[in-house]
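Here is a friendly walk through a model, one topic at a time. Please keep the viewer open beside the text as you read.

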Amino acid sequence: MRLYLRVDLDKCTGCRTCELACLDAKKKEYNPKKALIRVTFVPPYFFLPLSCQFCEKPPCVSSCPEGALEVDERHRIKVDPQKCIGCTWCLNVCPFGAIVLDEETNVVRVCDLCDGDPECAKACPTGALELVPSETAGLKNRISAAQKLLAGLMLSGEALKEVKG
Amino acid sequence: MKGGYTGKMLRVNLSTGKIVKEGLPPEPARKFLGGVGLGSYLLLKEVPAGADPLGESNKLFFCTGPLTGTRIPTGRYVVTFKSPLTSILGWSSSAGHWGPELKFAGYDALIVEGVSPSPVYLWIDDDSVELRKAQHLWGATTGETQKRIRKELGDEEVRVACIGPAGEKLVRFASIINDEGRAAGRCGAGAVMGSKKLKAVAVRGHGGVKVAEPEKVSEVVKKMYEVWKSEPFVRSLHLYGTDAMTSFTSGIAAFPTRNFQSGWFEEWEKLSGPTLSRTLLVKKVGCFGCPIACGRVSVVKSGPYRGMVVWGPEYEHVNTFGAGCGNSDLETVSICHQLVNEYGMDGISCGRAISFAMECHEKGLLKREEADGLDLSWGNGETMVELVRRIGERRGIGDLLAEGTRLAARKLGRGSEKYAMQTKGLEYAGYEPRGMKGMALTYALGNRGGCHITTGMLYLDIGTMTWMYPLDSPLDPQALDLEKVKAEVALERRYTVVESAVLCKFFAGIVFTPSLMASSLSAVTGWEIDEGEVDRIGERIWTLQRLFNVREGITRKDDTLPERFFTEPLPDGFSRGQVLDRKTFEEMLDAYYRMVGWDEEGIPKEEKVRELGLGEFLPLR
Ligand code: SF4
Ligand code: SF4
């Protein structure tokens, strides 16, 4: 089963608490450029937190010239610090810009979902981040889309809020 | 320094083009922390007495604080300067992400001095710092400027703090805007930037902020999250934005209406936070590391501005452009809000300038012909939007109103002074001091003039609370007594520390106890700071700010409010009949001066100044 972080775009306020929580857990220094989840502002007024999606066919893994990256049994990306030469080729190919080069060790770092209980999701004050299995990823979107569609047809905005809680 | 600071300041002289990296002086950092504290210290030290606020000798001190850029919310910066609106200490604070970015670039503070011969902007890219031509950006709105600079520098994550046309035109209450719609709004920082021909400061940083004791910081974060989640007022800020306040102030009829003729606006519900959420709101926005996310994005739904994306509106504008002008249309408020941001000016002062004009018109002091033929009746939305534009461009009647209400009234004469709702030149925000009497003290004593946020009094006066000044039972909003004086003294100190740390007054100002403030500072800096020391630092900075103002001629006579509040009882609602009693007010002032160690003219006594370690600034005059 593959888990990944689902983002609720309506809820995300762009506060970057997730970045800070990641830094708290992994680096003990507040430098957002080293966070493994990064929030991007998308005009006119959206914010998108992005981290590793644990691709089914991860280009980072297949393109590493040293074979330093591999997918482990829990479907996370494992970096072999012995093999990684810090060439940053994986940064180039990751479609989500989710890999960070650690300048102290010259080895790349990828989100490891904090052992299955990611700090960023726990810290997110609006509940915009949620760890979901890829199998059921579509479910939430489907439900919320259905609610919106129905609301447009027959419910007032107020009633919708009650439905959503 | 163990943590919290980068230890470096950047000094840019626009007259000579010289850029110098200096060490952060450790002793002032320990005594004044950063933000408004460090800024006020540098201002008093470096800007000569009687300096022209729009002249070469004025300076801008952009200061972050030790907590900026850490996980303790939120990452703010404060800019300190001599104000062109008030001619005394001016400071203004803004959040978003610009402050943390300056620190990530490696600087605790940026000092801007001199005047550039032609428009420029400053580009700080970690160690490499340069002045770039900005002729092509002159005249651009703040939104445009940010977009174009990011594009020009080829980096969408560059953070830009800039001025708009109002700053260029030296509107006395011009603001600095960063991160789309976050404003260093008050006191005219934008006009000072404009006078220096500095269009913007663009920052990109790749470094980080180290803290002295990471484990302790995590503990603080845990504690503050616990309080935050259970604090109803803060929750309502998340749900309804700062406009949540409309229900509170309206409830006690202290929502300034028609230029403070009343505190009761019959149609307040049309302006309230819940209405905003139901109608125009499309997004909630949080500043760096802030769980509250009081920021709003709205979209105008009808009329000529249909589709306009508004980074707001905020409570203060809901009051100044709403009830303050007798207007109940939230769309008009939102348009005015976005326009003042795009022009780059303070919506409090601007809104009050418009309601000043409207009242002068009502009282027959300002004829329609003198106001470019505009209909100045209360609530005329079209006029308001047009006036915002005219003020931002200093066009027609806008040129007079761009001076701020105090100076505009002086120029207009005809007895209009009594309708200029300000103290020391700074217009009041949305809290009626007859219905919220603690605010009378805060307005009268604020070191930047009639400011609402130098203390947390407004929370006490609406009957909610601030953990910065824990009380067993709520205070009576309508009482002006020693309890309020005590609260004023304690809160001005603690809030000054918040503004020097630099934290957000909605977050730290409400959910932090003094002891949590102390542990935050010590965890990050590694200095031993307890509650007593927090108050001490606050008192030191507050007194230092008063010293600056005393040097510029401020005395007891300036610690006051307009006649209206003492002679006209509020006409309606919960606060009906409420008025300030002159004698009580003067007694409270006496009590205040005694408590803080100032003489009866409001001048800090020499022994007090020495005791606080400010001896270097003696003699005073
Ligand atoms: S913490 Fe949550 S709300 Fe804030 S930026 Fe991250 S995902 Fe968005
Ligand atoms: S690092 Fe990028 S490419 Fe590799 S698995 Fe994660 S998202 Fe896919």
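## Chain A and the ground rules

Which pattern does chain A follow when read along the sequence? Chain A follows β-α-β-β-α-β-β-α-β-β-α-β-α-α. In total, chain A has six helices and eight strands, where helices (H or I, at least four residues) and strands (E, at least two) are DSSP runs, numbered from the N terminus. The C-alpha trace of chain A spans about 60 × 30 × 30 Å along its principal axes.

This is a predicted model, in which local features need pLDDT of at least 70 and side-chain atom pairs count only at pLDDT 80 or more, while totals for chains, interfaces and linings use all residues. Residues are numbered from 1 along each chain as its sequence is written, chains are lettered from A and ligands numbered from 1 in the order in which they are written, and side-chain values use heavy atoms, with hydrogens and water left out.

## The shell around ligand 1

Ligand 1 is surrounded by 13 residues, and the closest are A:Cys12, A:Cys15, A:Arg16, A:Cys18 and A:Cys124. A residue counts as near when one of its heavy atoms lies within 4 Å of the molecule.

By type, the shell around ligand 1 divides into eight nonpolar residues, four polar and one charged. Here Ala, Val, Leu, Ile, Met, Phe, Trp, Tyr, Cys and Pro count as nonpolar, Asp, Glu, Lys and Arg as charged, and the others, Gly among them, as polar.

The size of an interface is often given as the accessible area lost when the parts come together. Chain B and chain A bury about 2,600 Å² between them, 56% of it on carbon and sulfur atoms; buried area is the accessible area (1.4 Å probe) that two parts lose on being put together, summed over both. In this interface, 41 residues of chain B are in contact with 30 residues of chain A, contact meaning heavy atoms within 4.5 Å.

Four salt bridges are counted between chain B and chain A, each defined as a side-chain nitrogen of Lys or Arg within 4 Å of a carboxyl oxygen of Asp or Glu. B:Arg71 forms a salt bridge with A:Asp24, with the closest N and O atoms 2.8 Å apart. On the chain B side, helix 3 (98-104), helix 7 (214-230), helix 10 (273-279), strand 13 (281-285) and strand 14 (295-299) each supply at least two residues that touch chain A. The largest share, six residues, comes from helix 7 of chain B. That side of chain B divides into 18 nonpolar, 12 polar and 11 charged residues.

## Domains 2 and 3 of chain B

The domain assignment of chain B gives domain 1 (8-204), domain 2 (257-420) and domain 3 (438-617); such bounds come from an automatic or database domain assignment. The centres of domain 2 and domain 3 of chain B, taken over C-alpha atoms, are separated by 28 Å. Their contact takes 15 residues from domain 2 of chain B and 10 residues from domain 3 of chain B.

Between them, domain 2 and domain 3 of chain B bury about 1,000 Å², 67% of it on carbon and sulfur atoms. In domain 2 of chain B, the residues that lose the most area to domain 3 are B:Phe260, B:Trp264 and B:Ile292, together 36% of what that side buries. One salt bridge is counted between domain 2 and domain 3 of chain B. The side chains of B:Glu359 and B:Arg564 meet in a salt bridge (2.6 Å, N to O).

Over all chains, the count comes to 72 salt bridges. B:Glu113 and B:Arg11 form a salt bridge whose closest N and O atoms are 2.9 Å apart. B:Glu113 lies in strand 6 (residues 109-113) of chain B and B:Arg11 in strand 1 (residues 8-13) of chain B, so the pair ties together parts that are 102 residues apart in sequence.

## Backbone details to look up

Most residues other than glycine have a negative phi, and most peptide bonds are trans. B:Ala293 has a positive phi of about 55 degrees although it is not a glycine, and B:Ala293 is found in the loop between strand 13 and strand 14 of chain B.

A cis peptide bond joins B:Ala501 and B:Val502, with omega about -10 degrees. B:Val502 sits in the loop between helix 19 (482-501) and helix 20 (508-511) of chain B. A cis peptide bond also joins B:Leu618 and B:Pro619, with omega about -10 degrees, and B:Pro619 is in the segment after helix 25 (606-611) of chain B.
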